[in-house]
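Let's take a friendly walk through a structure made of protein chains. Have the picture open as you read.

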Amino acid sequence: MNQTQEFHHRIDDALHNDQLRRNFRSAMSGVMARRADQFPDDDQLQALREQAQTVRANSLVRQPELLERLEQKLTANGIQVHWAESAEQANTIIHGILKGADARSVVKGKSMVSEETELNHYLEQRGIEVIESDLGEYIIQLAKEPPSHIVMPAVHKNRFEVAELFRKFHPDIPYTDDVDELTQTAREILRTRFANADAGVSGVNFAVAETGTLCLVENEGNGRLSTTAPRLHIAITGVEKVVEKLSDVPPLLEILTKSATGQPITTYFNMISRPRQPDELDGPEAVHLVLLDNGRSRIRVDEELLDTLRCIRCGACINHCPVYVQLGGHAYGTVYPGPIGIALEPQRLGLDKAGTLTSACTMCGACGEVCPVKIPLPKLINRLRAEAVNKRRTTTPLTGRGSLRKPSEATIWKLWQQLNSHPRLYRLFTLAATRLRGLTPGKLGAWTRYRSAPKPGSRSLHELARQEGFSHE
Amino acid sequence: MPAPEKVYFFATCLIDLMYPRAGLAGMQLIKRAGVDVIFPQDQTCCGQPAFNSGYREEALAVARAQLACFKCDIPVVVPSGSCAGMIKHHWPELFEGEADEQQALDVAGRTYELTEFLVDVLDVRLSDLGTPTRIAIHTSCSARREMGVADRIQSLLAQLDKVEVLTQDREAECCGFGGTFAVKQADIAGAMVKDKTDALRATGAERVISQDCGCLMNIGGAFEHQGDGPATQHVAEFLLERTS
Amino acid sequence: MSEARDRILERLRANRPHEVSVPLVYQKALGWDREQCIASFSERMQAVRGEVHRVGRNDWVDWINTEMASRHMSRALIGRSTIAERFAAGASDALELTCYDRKIEEWKDTLFHEIDFSITGSLAGLAESGSLVLWPDASEPRLMSLVPPLHIALLDADRLFENFAQLIEKENWAAGMPTNALLISGPSKTADIEQTLAYGIHGPKQLITLILE
């Protein structure tokens, strides 16, 4: 099966899952409303978006220098920096650090980058126990599923489904589907893991070059616990996450939390600059940062597509997408779903692997409208569509170009071009279509599965205009 | 800007063939306001279907063929948010670096969606001669987000004192047409139009009015297929009907 | 591995996008006075189930004594700061004080299971977001404000700033960051199950801020 067929199978499954679609409808409506509540003044919102866009865009302009400065500062602070070109390299590096520290158990804070590298699986295969500590991630870890959203990984599950998972994996705890009780259960179960884990692994929201500081955003406290209680902390992040100055952080933090979950700020904002100092009594004695490329530097070569790298992973585009709400995240079949997924994954993985995702978009623009850093998502998706069917040589580093080009479709567009660039031919066509309108079939393929077949008018507007005496020049 | 003496009218291929009466109504509304309407017979299509499918060369060839039709420095009025959006916001991208880029930018710079033109340039005054009715407005995503003209159709309809406008749930959510999307991802589109028609039907509106016939073809076609639902109509036809 | 670094940087240098020239004008000053700052801080904190009480600078020890007695909480954790000394000097006999004076590895189980509440100071407060700012150090280590189920934080009313941007600028954080800097804006919470808010998941279930005046 090719990527298009596989995608259609997943879409089919998703559309037939009524419970899933109800869960998503409810979740997305809520999170959209909460975001809107945080931005009552549109002028202020637009100004904040401009600021956030500027900060992120300029970080990308200076990315190589900023990464070097970040590395230099972190190193001076005592944090060890590693560079990984690929997912495999990142996993190898992290495994190496854990092995060197004789770490057998890892407690994880949420990290989408670690989903990219499939770190958990890699470590588990090598005998290292990995426990996800974010409640949403823990739930999907029990369910053995990937996240369906980049901020709310278990958004596809309702509380009965969660209760069932807890009952199955923690049979000694009495069944409950009460959210507070389920939360307390999770607190107790995961507490001992924090206390006893040899190492903590986390992502990074912003890496500040000016001071060599890793910033993490969270509500639960698991991020702080994972990065403070164990003796070893390994952070992994994409190379595009670096920002220049500390003063860049407040506007990004504000628009991130408001866009992502509709909160003015998250419970905790954690800024790590050093490992435990000689006089300090807690905190990890060793802190490492793994900088992952995994296709990002290749994306940056394209002047238009590099806007994708501004992303601060808020998920607002996903929340507002009218297609995502019908499918849920798993249908996309990639680490990143929704609009950012459609823009990023074909670039990361190749158009031949993920280009088909570009068809799951109506170009409605809801995503671009809410993106806090003003990534022109519809424009990028449209560009990727063009690259997917174009085999001609260009300088863009996209891989898999032209892999979705079908001779039959290309012919149709060539015919369409001929028809629409020859006015007389066009008018002849509309003459025929209007006079023969009675022959319009009642069934028109996929269109008439859900709608009646449209019929041409009895006269084209060209003809009516002439009849009614409108001049033509 | 003050009202021009004359304007071009760009049919859009969809209206030309499938909804010509809507196009004619648009032209008549402008003419009634004292402005001459020129309908170049050589016009065909703005190129959007190919552009959104990734076939940019073909889209460019067709878009280019329109330039000669709209040479004079007068407004180009388009009875569709999506086609107006294509010309105004995507032709610059499509023609970038081309020899006729400046011509295209020139046309794009004087392109208006119909309701935008009626409100911003002509400031039309409407008197409602119809009987009381309840309607819902569906604004296309292009009209809303690309052209920013959701408020223009609202303000025109607000002038009709016997027309009550009802608001459907999730008003700003896409109806699932998306041009070729409705065929390429037919089942997702089917799910989306089902949600949209449910929301519209629930208002109890007698008619759904829109600036875009693509959406109407989708929504109206779905109502017909479901066997139950309000009628659908382009805003130009509705306005002409109510004020004649 | 330095090969990976070189190759990554080389690819990044292959293109230099155009700079965006919108000047950064984030956060004009709100012009709040102290009362307004206190009001905003309290409102935001309370909106997420944080408790806020205004207490005299000489009254906070008694306040804690009384309040913890009424809540039946007796096992307190303090550090080695001036605050800790003051509290130790005036703590009620009903309280059992533990001092965080040795490395965490030596007493982890006790910290995780046998402490009811902790008392720390704070570096500052942020009025607009309702946040406490902490720079944990040797005298008040990081886990104090994280592990115990209840955290009491002392905030000097004179140390309320309008917002984060203002604090970073006025106190020149860029000159040097500590091991760990924290913004704490309420008790721990999650909405991962049906987007329903549930409090007290991993961090403290309760957060009390005493604004000292």
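Predicted model: local features only at pLDDT ≥ 70, side-chain atom pairs only at ≥ 80, totals over all residues.

Where they touch, domain 1 of chain B brings 27 residues and domain 2 of chain B brings 23 residues.

Which helix gives the most to the side of domain 1 of chain B that touches domain 2 of chain B? The answer is α2(B), with six residues. By class, that side of domain 1 of chain B holds 13 nonpolar, eleven polar and three charged residues.

## Where chain B meets chain A

Now look across to the other chain. Here 55 residues of chain B are in contact with 50 residues of chain A. Helix α11 (residues 186-202) of chain B supplies the largest share of the side of chain B that touches chain A, namely seven residues. That side of chain B has 31 nonpolar, 13 polar and eleven charged residues.

## A pair of helices

Two packed helices are described by the angle between their axes and the distance between the axes. For helix α1 (residues 3-15) of chain A and α11(B), the axes come within 10 Å and cross at roughly 25°. Because of that angle, α1(A) is roughly parallel to α11(B). The crossing of α1(A) past α11(B) is left-handed.

In this contact, Ile11(A), Asp12(A) and Leu15(A) of α1(A) meet Asp187(B), Ile188(B) and Ala191(B) of α11(B). The residues of the contact are four nonpolar, no polar and two charged.

How values were computed: Residues numbered from 1 in each chain as written. Chains lettered and ligands numbered in written order. Contact = placed C-beta atoms within 7 Å. Helix = DSSP H or I, 4+ residues; strand = E, 2+ residues; numbered from the N terminus. Nonpolar A, V, L, I, M, F, W, Y, C, P; charged D, E, K, R; others polar. Axes fitted to C-alpha atoms, helices over the stretch in contact; angles between N-to-C directions. Parallel < 35°, antiparallel > 145°, perpendicular 65-115°, else oblique. Left-handed = near helix turned anticlockwise from the far one by under 90°.
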